[in-house]
Amino acid sequence: MKKAILIAIQNGYENIEYSLEEMKNLAKECDIEIIGRLVQKGKINPKTYIGSGKLDELLVDIKLDNPDYIICNDELSPLMLKNLNDYLPCEVLDRSLVILDIFLRHAKTKEAKLEIELAHLRYLLPRLSSLRDGFDRQGGIGSKGPGETQLELDRRKISGDILRKERELLGIHKMKKVQIEKRKKKNLQTVALVGYTNAGKSSTMNTLLNYVTYSNAKTVKAENRLFATLETSVRYLEYQNIGFLLSDTVGFVSKLSTHLIHSFHETLAEVKDADLIIHVLDISNEFALEQFSVTMNVLSSLGVSNKKTLVLLNKADLCDNIPKVSGVDYIPFSNKTGLNVKEVLDYILNHISEDYESLSVRIPYSDAKILNFIIENTNVISKVYENDGISVELMCPRRFLSRVIPYQIYSTLS
Ligand SMILES: Nc1nc2c(ncn2[C@@H]2O[C@H](COP(=O)(O)OP(=O)(O)OP(=O)(O)O)[C@@H](O)[C@H]2O)c(=O)[nH]1
Ligand SMILES: [Mg+2]
């Protein structure tokens with residue numbers, strides 16, 4: 001494992017202990033151990049991140065501890081990165097570079113890989129001359145940066161790469177849009193799982209998939225590491241005869257770089273489109289409140305602030321006392337013990353079935369067209385072949401009622 005000293009600015013707004021702990025965990029994910037830290041109160045110095053006095057203190061620490069890296073708790077501007085790399089005897093990394101490195105290691109699908117490579121190149125382009133042994137085009141932390149003479153060539157090549165990858169990604173996103181449009185036509189409601197990384201979103205997806213009566217149950221990977229999920233998975237579930245879509249997506253972390261948010265906009269399309277948001281919170285974490293705010297902030301930066309939201313107080317099995325929360329709908333939950341799984345599905349159902357009406361219809365055998373329409377656009381609960389036609393019990397999306405109502409049969413009391 002490589003070793004690093006963490007440097008940070010305490011600006012008075014954020015909980016610095018939380019922020020440093022988060023940075024420590026991010027570094028660990030890149031096989032870097034934080035062996036010391038230096039915190040300066042006040043504002044970020046626009047030239048060197050920390051002030052000159054602290055820089056000298058840092059030089060002493062470097063001599064004593066001999067770290068492989070200095071890691072900054074924020075994203076550094078190209079100028080700050082250059083000055084620090086020029087002044088300090090070891091390589092300087094910033095928060096964004098560490099996050100990018102984790103993403104580069106964990107990306108699996110073509111789309112996720114392209115999104116991360118793009119974010120990486122956009123980060124790199126203005127910083128080419130600031131890097132010492134930082135990132136290069138292919139590699140992550142620790143690989144050689146470009147030499148001075150290469151700089152101009154590299155700039156041109158990177159600009160070309162950015163354009164090429166943007167075009168490639170556009171093709172993938174277009175296909176995805178078609179899929180989303182198709183679903184909208186079917187009027188399937190969508191529920192999106194969101195939350196801080198490692199909160200238990202993927203586990204919750206699997207728990208719900210395993211509970212319902214029908215699903216195309218390909219479970220997703222849940223792991224005890226940050227950013228295990230980088231792509232969006234969507235699954236179809238049926239609970240009490242109502243079908244809906246559930247999506248699991250990339251987790252959030254504080255100070256997520258603008259490059260990454262920009263690149264992941266389309267991956268997060270499912271969230272922007274969702275009818276209901278399920279915010280998964282690890283209530284056993286000592287920084288649960290901070291992680292709650294991080295998720296709320298990212299959601300608001302995506303323009304998703306006013307959607308109906310249910311907060312799951314997850315990992316309740318690890319807590320002695322579950323706090324009461326005001327101002328939001330919440331349910332204590334556990335993937336380990338199965339606590340309140342049914343309650344969560346009932347909540348989902350209550351929310352998404354507002355737009356459905358249950359009714360019985362009889363379709364004459366001669367009217368195959370309307371039968372096809374019903375099968376494609378509504379949730380069929382039962383179908384009985386009778387002498388004068390097919391009797392169907394169904395849950396009909398309200399916007400299709402006018403097509404179906406002419407065939408409605410009313411039960412008569414005798
Ligand atoms: N004790 C306990 N552990 C849980 C619970 N839910 C999830 N976990 C564990 O938490 C870790 C992270 O779970 P994931 O479901 O992968 O979390 P995620 O939110 O999808 O994480 P990312 O995809 O990395 O953002 C795994 O080790 C899970 O086994 C729970 O209810 N109780
Ligand atoms: Mg996940």
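Student: Why are H4 and H5 called roughly antiparallel to each other?

Tutor: In this predicted model, helix H4 (residues 95–106) and helix H5 (residues 110–124) pack at an angle of about 155 degrees, with their axes 10 Å apart. Angles over 145 degrees count as roughly antiparallel, and H4 and H5 are therefore described in that way.

Student: What makes up the contact of H4 with H5, by class of residue?

Tutor: On the side of H4 stand Ser96, Leu100, Phe103 and Leu104, and they meet Ile116, Ala119, His120 and Tyr123 in H5. These residues divide into six nonpolar, two polar and no charged.

Student: How do you know which strands are the edge strands of the open sheet?

Tutor: The four strands of this sheet come in the order E2-E1-E3-E4, with parallel pairing. Strand E2 (32–41) and strand E4 (91–94) each pair on one side only, and they are the edge strands.

Student: What makes E3 and E4 a pair?

Tutor: Two strands pair if there are at least two bridges between them, and four bridges join strand E3 (residues 69–72) to E4, the two running parallel. Within E4, Asp94 is the residue that stands opposite Cys72. Helix H4 packs on the sheet, where it touches E3 and E4, and its direction makes about 80 degrees with that of E4.

Student: Which element gives the largest share of the shell around ligand 1?

Tutor: That share, three residues, comes from helix H7 (residues 201–211), while the shell as a whole has six nonpolar, 12 polar and five charged residues.

Key:
Residues are numbered from 1 along each chain as its sequence is written. Chains are lettered from A and ligands numbered from 1 in the order in which they are written. This is a predicted model: local features need pLDDT of at least 70, side-chain atom pairs count only at pLDDT 80 or more; totals for chains, interfaces and linings use all residues. Ala, Val, Leu, Ile, Met, Phe, Trp, Tyr, Cys and Pro count as nonpolar, Asp, Glu, Lys and Arg as charged, and the others, Gly among them, as polar. Two residues are in contact if their C-beta atoms, placed from the backbone, lie within 7 Å. Axes are lines fitted to C-alpha atoms, for helices over the stretch in contact, and angles run from 0 to 180 degrees between N-to-C directions. Angles under 35 degrees count as roughly parallel, over 145 as roughly antiparallel, 65 to 115 as roughly perpendicular and the rest as oblique.
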